[in-house]
Structure formats: C-alpha cells, structure tokens
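Q: Please take one close look at how the side chains pair and pack in this model. Start with the charged pairs, then move on to the packing.

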Amino acid sequence: MLPYFPAHLPDELLYGHVGRYRALNAAGPIRGFLLNVFGSATCIPSADLPTRLQEFMRRLEWIHPYDSLEKAVSLTTLYPYHRLFMPPERWARLLAAAGASGPMNVKMFTGLVAQRFGASVCLRSCEQCAREAWQRHGSTYWQRAHQLPGVVACVHHGCRLNEHFVQSYATDRQELRPCPLPQDKSAIDAAMSEEARQLDAHESAENARWRFARLSRQALEFGATDVVSPDAAAVARTYRRRLAELGYGRGRNQVRWERLSADLLARFDGFRDWRVGPRLSTLTRGSLGWVHGLVRRPERLSHPMCHLLLIDMLYGSLDAWLQAIDETSQTSRDKSTVPRVAVEPEVGSSDSDMEFLLKDSTLSCRSIAALAGLATTTVVQMRRRLGIDVPRRSKHLSLSFIESVRARLADGEPIAAIMDDQALSASTLYRILSSDPRTRQEREQVLLAEANDFHCHAWLAARKLSPCASITEIRRQVPATYAWLYRHERAWLSDNSPPAQKPSPPTARVNWPQRSALFARTSEAAAARMRSDANRKLRVSASALMRQIGPSTTIRRNLHRMPELQLALREGSESIQAFQNLRVRRICSALGDIFGEPAPWRVMRVAGLRVLPPG
C-alpha cells in the first residue's frame, strides 16, 4: 500500500483524486496500481460513474479521507446527479451497484444507453478554474461540475469549457490522466482585452448554456443531500399544471406540443454546438419526443438532462420546481376523501369494491373516475352495463343538434371541420359517433369510397405522366396508392394497369461459333504438343486437352454450343488401350538394355498393369 493519500479538493472527481494519489506516490504500472486499489488489474476506472468502491474503501481503509461509501459517492462521483429524478428503490440499487464488483452495468441501469444521450463521458476543464486551482492548491484537478452531461460552460465563470478526450474512445482507457496545466495568462490577455472579456462574461450570464450548467450543478448538490426524490406521477401533474398556467394547455390534460417544442428550441438556440444537440432537437411529427416522455409517460425513467431543460423553461430553478411539486401533492391529498380503488375496466362479480362505488348514488361518474383512475366515459358505460340509469349530459347538446352532427358525420366530414364549426371537442364527437352504429357504418363506407376515388385518380394521373412505364415503375412512383388499391380495389387495379411485358430473350454476349473455332485450333495444337513428348506420363484425354485450352469448367458447361471443339477433342484424344501400349513399348525398350527381352510379369509390374493390352 502506498503511504500518502492527498486531501480531497473541492468538487474533485474520484477519477482525478486517485490519479493524484498515484502520481504523488510515483506508483508503478497502471495494472498493478489498479489491482492494489480496486482489486482488479483489468477494470477501467470510470470518470463519472465508477464502480468497485467497496473494494476501494476496504483496501485503502486507513489512509483515504472518506467516512463511508455514501460520502465518497456524494462527494466524488456523478451518481447524485441522477438521484433527484430516480425512484428511491432504484437509487438504492444503483448505490449498491456502485460499491459492488459484480457484472451490473450502471450506465445501462441508469438508462444512459437506452435513451441515446451518450454513455461516454468527455473530460472537460475551465482555463480560469485551472489557474485558480493552481494558485490555491498547487495543482489542477478534474471538477465534477465540468463533467455533467450536456454542460459546455463553466458554472463559475460562464466561459466555454475545453474538451480534452472521451475516455471510452481512448486506447489507454485504464490510465488516470491528469487535468492539463493552465496556459500562460499573458498569452490569454494578449488575445483578449479586458473589455472583450467583460463583454464575454456579460453575454455568458444570459446564455442558455450557463443557465443549464448552473441548474445541473444544483441537481448534483441536491442529490448529495438526503432529499427524497418526488413521485413520478406528481412530477407529471406538476408539469401539466404549469404548462396550463403558461398557456400551453388545450382542453383537459391536453398540451400544445408543437408550440412548446418551438419555444424550447428557441430558448436554447436549437441546441447548436451541444454534444447531444442532434438528439435533443430531433422533431417527431412537429414536436420533441423527449418532452412527451416527461409529461405523458412519467413511469419511464428519463434522462435528468430532459427534466432540467423543461424545469429551466417552466420554473427557472430546482427550488421553485420542488415547491410546485409539494403544492401539487398537497392539493391532491386535500381532494382525496375516499381511498383510491384499483379496478379493471370490465366489471365482474369479483370486483366488489368497484361495483360498490358504481352503485353508490351519492357519487357522480366523474368522482368515481377520479378515484378509480379511469375515464369518465368508461365509468358511464360500466354503470349502464349494470342497469344503472345515467342521465344524458345537460349541456347545450339537444337531440336535434345531435342528429345534425350525426348527419354530418355520416356524410364523411372531417372531425376537425365539425369541431371548429360547432365548437365541440373531439371526445364529444367520437362519443356521438360511437353511440350510433348506423352512423359509424355509413361514415366508414363514405370514407372508404372517398379514399378509393382519391387513389384511383392518383393512379390514373401517374399513368398519364408516364404512359410508357411498366406497372413496376408506376408502383415505384406512388407506392401508397398501389398498396391501397391492391388491398381494396384489386380488380380495378388489374384493369387499369399497363399490360405485363413479356421478358425478352437474353442477348448472347459471346460469339460461340468464333470461340468454337478458336478453341478447336488450340486443342489440335495442344494434342500435337502432348503426343510429341516421348516421356509424358499423362494420357491425351478430352479433359487434359480442355485444361490446356483454358478454364475447363466453363468449357465443359458450354461444350454443347461449340461443335467444332467437340470434333477436335474426339479426334485429338487418345484411347486408354493406345496409351497402355505406349507405356508397354517404352518400358520394354528401357528393360531390354538391362535384361534382354524382359519377362511379361516384369513389364506389367513396372507399368502398373494387371494384364498386358492386346497388340
């Protein structure tokens, strides 16, 4: 164990603190150092969300300055940044994962990978902070506030941070790199006058990047305390309430998503020059998808960056946001006079609690819907299913008015047009439509006929623009129209499509007669050359000749197209008996010089034959 452990500097990362411990003790190779400190020679000390902290506390128990694991996590890591927007039970599991040496991937557990905001931390530093640290402590160090996700401005000075390296992209990811030394102050002063620096600081004070950096720092500080994270449902209700106050509401629990998204992009300058700017500025059907997740799906874990951006726009600070959540929760508690009952949409004999509420004549349908977490229309249908009389709405919807609306719906008029003309909500129109099956059936038939006419005209217009095109080319121009007609008007599509074109015979790209004559001459020359070799060991066969001509596989596959070559191969090839006789004569000549006239058995043995060929 190395004897000296330096004091923890304000807001210092554990990554930098352990790096200074190694540098000041002149420790050896990094693998051996990691084995002694974290208990593993192959671990990668993450700069933002490190693990194996229990092993770190145990191995350096007598020299490290941290009282407990919770203290080390809250002072030296970015774990507290996620605490305020995470359920308490999930935070407890994350804290246990930070201390454990198991296989849990904390960056997947926190949702950084799934939400596509980037799980790799980019080490950043501020030039002025580095100079102040050098003057006060005699050393530069990595500060947590500079490494928070999405932060590109210094929380203290408002200037732009210097980006140095992304840890997961580096080839030496295990190395504990120190924070770079500050540049020469005279060089910076020469490049930027005093007036320019004052102007830059003033502009940064109003800059969205600086506001976001300060808000992120507040989230980090709140997470380091014993604050209890608010309930996700209460957070969503608070967002909806504030959006309605600021004019982003529309109807009951509806939000003007397009307007809200446009104002967010304008407030943060379209997230230009942000590392995660493309992810934050992506529009889906005219609105930002991550805003939908915060308001409409609070049960899903969202990145703290998304919450902070919306909080900055709606409240300006975390204190105001938490106070608004307390007020919303208190209002909900005051309104709740009966315990909430968990029910299913369908009423059965086993749903005694829900059936008791439905039969209670002192409760309105709207009150039961609020208690059970259902829609008012669902409660009305459940009561009517039980035979309970539910009076019709006493608004301005008279029977004659409803009949006129039904007639317009049956004629296939757009819902939006009827809404604007009659000043009705979409839910009211759909309720009228669902209450009359005949109107719904007539509307479906009218809309189907209109869609058929539209796509038929579109198909004919495409044919008119390309009169000589095939059906495949027209289909490529209007794919949706083709798909609709193929499903609903297949016979009409067949009658109004260009006739199928007969496939033209493939054009021959090879002059086979010419090639046959060329190969025949080559075969004759090869046969003559092989026969002239007195010591040859191969028979002049058709296969041997084809190998001499060129690629034998291609020749064999197209041999039926080359009659001259077939004739040349038959005439040039040598029969098996003729080649055996050639071998016997050659061996007899060789053995005759030694034994005189050789015995037949000796000739057959040397020639490798079982019987002598005739002749």
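A: R406 and E403 sit three residues apart in helix 21 (residues 399-410), which puts about one helical turn between them. Helices here are DSSP runs of H or I with at least four residues, strands are E runs of at least two, and both are numbered from the N terminus. An α-helix has 3.6 residues a turn, so residues three or four places apart point the same way. The pair forms a salt bridge, with the closest N and O atoms of R406 and E403 3.1 Å apart. The term salt bridge means a side-chain nitrogen of Lys or Arg within 4 Å of a carboxyl oxygen of Asp or Glu. E403 is partly exposed, at 45% relative accessibility. Buried means under 20% relative accessible area, exposed over 50%, and partly exposed in between, with a 1.4 Å probe and protein chains only. Elsewhere, salt bridges with shared partners link E55, R58 and R59 into one network.

This is a predicted model, in which local features need pLDDT of at least 70 and side-chain atom pairs count only at pLDDT 80 or more, while totals for chains, interfaces and linings use all residues. Residues are numbered from 1 along each chain as its sequence is written, and side-chain values use heavy atoms, with hydrogens and water left out.

Take E55 and R58 from that network. Their closest N and O atoms are 2.5 Å apart in a salt bridge. Both residues lie in helix 3 (residues 53-59), three positions apart, which again means about one helical turn. E55 is buried at 17% relative accessibility. R58 is exposed at 51%.

In total, the structure holds 19 salt bridges.

D11 is not a glycine, yet its phi is positive, near 60 degrees. D11 belongs to the segment before helix 1 (14-24). It is buried, with 12% relative accessible area. R52 also has a positive phi, about 60 degrees, without being a glycine. R52 falls in the loop between helix 2 (30-38) and helix 3. It counts as buried at 17% relative accessibility.

The axes of helix 22 (residues 415-422) and helix 23 (residues 426-435) come within 10 Å and cross at roughly 115 degrees. Helix 22 is therefore roughly perpendicular to helix 23. Axes are lines fitted to C-alpha atoms, for helices over the stretch in contact, and angles run from 0 to 180 degrees between N-to-C directions. Under 35 degrees counts as roughly parallel, over 145 as roughly antiparallel, 65 to 115 as roughly perpendicular, and the rest as oblique. This crossing of helix 22 and helix 23 is right-handed. Right-handed means that the near helix is turned clockwise from the far one by less than a right angle, and left-handed means anticlockwise. From helix 22, I415, I418 and M419 meet A426, L429 and Y430 of helix 23. The contact divides into six nonpolar, no polar and no charged residues. Contact means heavy atoms within 4.5 Å. Ala, Val, Leu, Ile, Met, Phe, Trp, Tyr, Cys and Pro count as nonpolar, Asp, Glu, Lys and Arg as charged, and the others, Gly among them, as polar.

Helix 13 (residues 257-267) and helix 16 (residues 304-314) cross at roughly 90 degrees, with axes that come within 11 Å. These two are likewise roughly perpendicular to each other. L260, D263, L264 and R267 of helix 13 meet L309, L310, D312 and M313 of helix 16. Here the contact divides into five nonpolar, no polar and three charged residues.

Next, helix 29 (residues 542-549), where A544, L545, M546 and I549 are buried. The buried residues of helix 29 pack against helix 28 (512-531), helix 30 (552-557) and helix 31 (563-572).

Last, I368 in helix 19 (residues 365-372). I368 is buried at 0% relative accessible area. Leaving out residues up to four places away in sequence, I368 touches M354, L357, L358, L363, V379 and R383. V379 is eleven residues from I368 along the chain, and their C-alpha atoms are separated by 7.2 Å.
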